[in-house]
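This briefing is for a reader who is new to protein structures. Look at the sequence and the 3D view first, then read the points below.

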Amino acid sequence: MQHAGEFRDFTLITPTAEIADATHGGRAKCLQRLIRLGLPVPRSAAVSFDTVHRIADGYRPDCARLLAVFGPTPRVSVRPSSGDPDWGGPGAILNIGMNDALCAELAGRLGDEVARRLYVRYIHRFAIEVARLDPEPFDEAAEAADPVEASLTAFEAETDEPFPQEPDRQLLEVLRSMARAWEGVSARLLRQARGAPVDAGLGFVVQEMAPGIGHGESGSGRIRLVDGVIGTRQVGGLYKCKSLDRGYAGHLAEVLPLISAPDGRSLQDWAPEHFARLVEFAETCRARLRQEMDLKFTVTNGELAVLDAVVAGMNAQANLTAAVRLQADGIISREEALLRVDPHSLGEMLHHQIDPTAERDVILTGIGASPGAASGQLVFSSRAAQTCAAQEIPCVLIRRETTPEDVRGMHAAEAIITERGGMVSHAAVIARGLGLPCIVGAAGLHLSTRKRTLTTADGRVFSEGDMVTVDGTTGQALAGTMPMLEPALDAPFQTLMGWADEVRDIGIRANADTPDDARVAHRFAADGIGLCRTEHMFFEPARLTVMREMIFADTAVDREVALERLLPMQRADFVDLFRIMAGLPVCIRLFDPPLHEFLPNDRDGQMAMAEALDLPISRVMERVEAMTEFNPMLGLRGVRLGVTFPEIYDMQVRAIFEAAVVANRDAAAPVVPEIMIPLVSARREVELVKTRIDRVAAAVQVESGAKVTYRLGVMVETPRAALRAGEIAEYADFLSFGTNDLTQMTYGLSRDDAGRFMSIYVREGVFPEDPFHTLDRDGVGELLLIGAERGRRTDPGITLSVCGEHGGHPETIAFCREAGFDYVSCSPFRVPVARLAAARLTLTARAAAAATE
């Protein structure tokens, strides 16, 4: 049965018409809502997804019947109406129906000059956007003595037929062109990249022109009630004055503010009643559509019309602030506010960001491995970075790739760039932990550390000391210093995070390697520390020298002498960690990397080391060579060091237990350290290490007179550990899956080198995503499920977690919730992202459960 206002090819948009987002698109549905709210919307008709698809396949709709709705001399616009405005679509076409006769009619009302300019613009738009003609002849026609005649002649010369004078034929050509553009391969791939389904549909809105040109108050503009950058409540927008009485003659309109201006030239000054009505319309839309809206309007001879309304475009901070304010005003619930903020967008709020209005001079592009932005002088070595920091000069450290030797320089830098690497390369992991903007995998550049120059793909050369800006969010490096937006950890942010914590049902801990990291984690309300990588504490200059003495020791006794000097340093760090986290759990991973990472690779570094240790340079070079491994990441590291050189782990656990005793003296809640053994493959490894840990715990208990308790865990990083988790769990209180190394070993890929070809693999469909960036549910995920199931079979109460770089990603949190894990641990600056993602997942799961009841 056909309803009133419905025709075969289109539906007149009325309050009761059968219009839906799923069949006609968001723009058509929004216009219907505006009509229902009583806003002055020009007569409009909707063309459905199905009809548009058929038009693209050659169907000819009854355009004459459609135009009859708009009167005897129709002049209309056509705008796309998709399921999501972010999917894009063809541009709007205005003034359809413009022809010789209408031009003459408009000349009588608007003047010959204005009417002819409107006609010329329409001919050009039709020729270029609809007929797909070369723009050059029409650019030349615009400069002719008679632009209308020249443009009509150019069209006929290019198409071998006159410019169509029939409005229905013009409309048919417009609909066909826009429909085919949507169905084209390039448009389809572009919208799929933006998240649209393969079969995403497109509708059209055909609307009577409300041109905003006339003798009285006339013009066009936009109005919103929110600042798009910081989210504060304020009237914003613009007004393009097109009043013939104020000198408009069809040229580009003067852009004026909406609100009162000192010179008295604004819509509020000229037409206060229209301004007041527009504010009222915007307030109505905000309250009834439950969104901050951006309204497009025209004023024609004093008559106001609302042409369209879309959700106001806002950056991450403004969107969050708006969501919290909508809840405070009773328009949406807390749950809906949480669902309106994308967790990924929080990364922008935790760091400085480049002002989006600033012009960018991009010099290189890579992988944005750590969000935020910073400017500084370009430096090519860690030593240069430390020198800059000592002189309080901000710098950007660029390296071919970073190693543990570069950690001090990374601490000193404002941002980091590496030529090689991927999302979990050394530079990326450390930068995220420090909260530094970072770009990795910056291919296409030539780096000369000897000359201290960077040559970009376009041939520009940058030398040490040149100012550059790193945008770790987009992966772009820019020439010069850029204006910045401040981080936004304001009251709305804290409010939303509080709501998230009330909802989420999985713990969120932080990976924190130093007391400074722990302070960031505590500030972001982490539930504890899920991974403290103790080796990062050894790269301070004073500690590094002692560490190297230990490495050069020939006997266990000599190693213990060096380790005795490191003991108080480690103990002080652990005391700080326990006190900062104030009774929250702190999981400390024992020493993991191969010892050769603490030795210098270059001759200058080896000479400095020889001088510090009072050794001949030949001895240093011999030891460096002797400790070199063919595949160090699979060599003498992790628990293998603890078994081979047990005195290293003995020193560390003593430092942990002594620190716990000190911290417990003034702690409000008891400190129970969690000790984690890295890179385990066999139960016997855990048994051997646990025996020595228990021995040290007993000794500290006797010496201090205080009870020493701890929880022992295993970092599951090898496929064998996941497969043998049942027997490993006999000695462990918790299993924490280190997905960085587990992904490396499962795939047989180096995380530092995979960035060279990973984009090709993803593009060719070998992998759906970079497995170092997004958790591989099918392979690595199955190992997590196997390890969890077998560990729980041995001990149903065993604690399970993920502590790799994947831990902060919403996709990983979803997997861990489904698998029943207790918590995830991520970089401190990703903690808010993870907290919000966990809350949203909980809300989504509740909604799904309620729907099935």
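The points below go from the whole chain to single residues.

This is a predicted model, in which local features need pLDDT of at least 70, side-chain atom pairs count only at pLDDT 80 or more, and totals for chains, interfaces and linings use all residues. Residues are numbered from 1 along each chain as its sequence is written, and side-chain values use heavy atoms, with hydrogens and water left out.

**Whole chain**

- The protein chain holds 34 helices and 31 strands. Helices (H or I, at least four residues) and strands (E, at least two) are DSSP runs, numbered from the N terminus.
- The C-alpha trace of the protein chain spans about 105 × 65 × 55 Å along its principal axes.
- Of the 853 residues in the protein chain, 53% are buried. Buried means under 20% relative accessible area, exposed means over 50%, and partly exposed lies in between (1.4 Å probe, protein chains only).
- Among contacts in the protein chain between residues at least 6 apart in sequence, 68% join residues at least 24 apart. A contact means heavy atoms within 4.5 Å.

**Nonpolar cores**

- In soluble globular proteins, nonpolar side chains tend to be buried together. A nonpolar core is a set of buried Ala, Val, Leu, Ile, Met, Phe, Trp, Tyr and Cys residues joined through side-chain atoms within 4.5 Å.
- The largest nonpolar core has 126 residues, and Leu496, Phe578, Phe657 and Leu735 touch the most other members. Helix α26 (residues 646-664) gives the most to this core, with 11 residues.
- Leaving out residues up to four places away in sequence, Phe578 touches Gly583, Val586, Ile588, Ile656, Ala659, Ala660, Ala663, Val671 and Pro673.
- A second, separate core of 55 residues includes Leu66, Phe155, Leu175 and Ala179.

**The five-stranded sheet**

- Strands of a sheet pair through backbone hydrogen bonds, either parallel or antiparallel. Two strands count as paired if DSSP finds at least two bridges between them.
- An open sheet of five strands has the order β1-β2-β5-β3-β4, with antiparallel pairing. Its edge strands, β1 (11-12) and β4 (93-96), each pair on one side only.
- Strand β2 (residues 44-47) is joined to strand β5 (residues 202-208) by four bridges, and Ser44 has Gln207 as its bridge partner in β5.
- Seven bridges join β3 and β5 in the antiparallel sense, with Val78 partnered by Val206 in β5.
- Two bridges pair β3 with β4, also antiparallel, and Val76 stands opposite Ile96 in β4.
- How many residues of β3 are buried? Seven of its seven residues are. Val76, Val78, Pro80 and Ser82 point one way from β3, while Ser77, Arg79 and Ser81 point the other way.
- Helix α2 (residues 26-36) lies across β2, β3 (76-82) and β5, and runs at about 110 degrees to β3. Here axes are lines fitted to C-alpha atoms, for helices over the stretch in contact, and angles run from 0 to 180 degrees between N-to-C directions.

**Phe70 beside the sheet**

- Phe70 lies in the loop between α4 (63-68) and β3. Phe70 counts as buried because its relative accessibility is 9%.
- Leaving out residues up to four places away in sequence, Phe70 touches Arg43, Ser44, Ala45, Val76, Val206, Gln207 and Glu208.
- Phe70 and Gln207 are 137 residues apart along the chain, yet their C-alpha atoms are separated by 8.5 Å.

**Aromatic rings**

- The whole structure has 13 aromatic pairs. Rings of Phe, Tyr and Trp (its six-membered ring) pair if their centres lie within 6.5 Å; planes under 30 degrees apart count as stacked, over 60 as edge-to-face and the rest as tilted.
- Phe737 and Phe821 form a tilted pair, 5.6 Å centre to centre with 40 degrees between the planes. Phe737 is in strand β29 (residues 734-737) and Phe821 is in the loop between α33 (810-819) and β31 (823-826), 84 residues apart.
- Phe737 is buried, with a relative accessible area of 0%, and Phe821 counts as buried at 5% relative accessibility.
- Tyr119, Tyr122, Phe126, Phe155 and Phe163 are linked into a cluster by ring pairs.
- The charged end of Arg191 sits over the ring of Trp182, 3.8 Å from its centre. A charge sits over a ring if NZ of Lys or CZ of Arg is within 6 Å of the ring centre and within 35 degrees of the ring normal.
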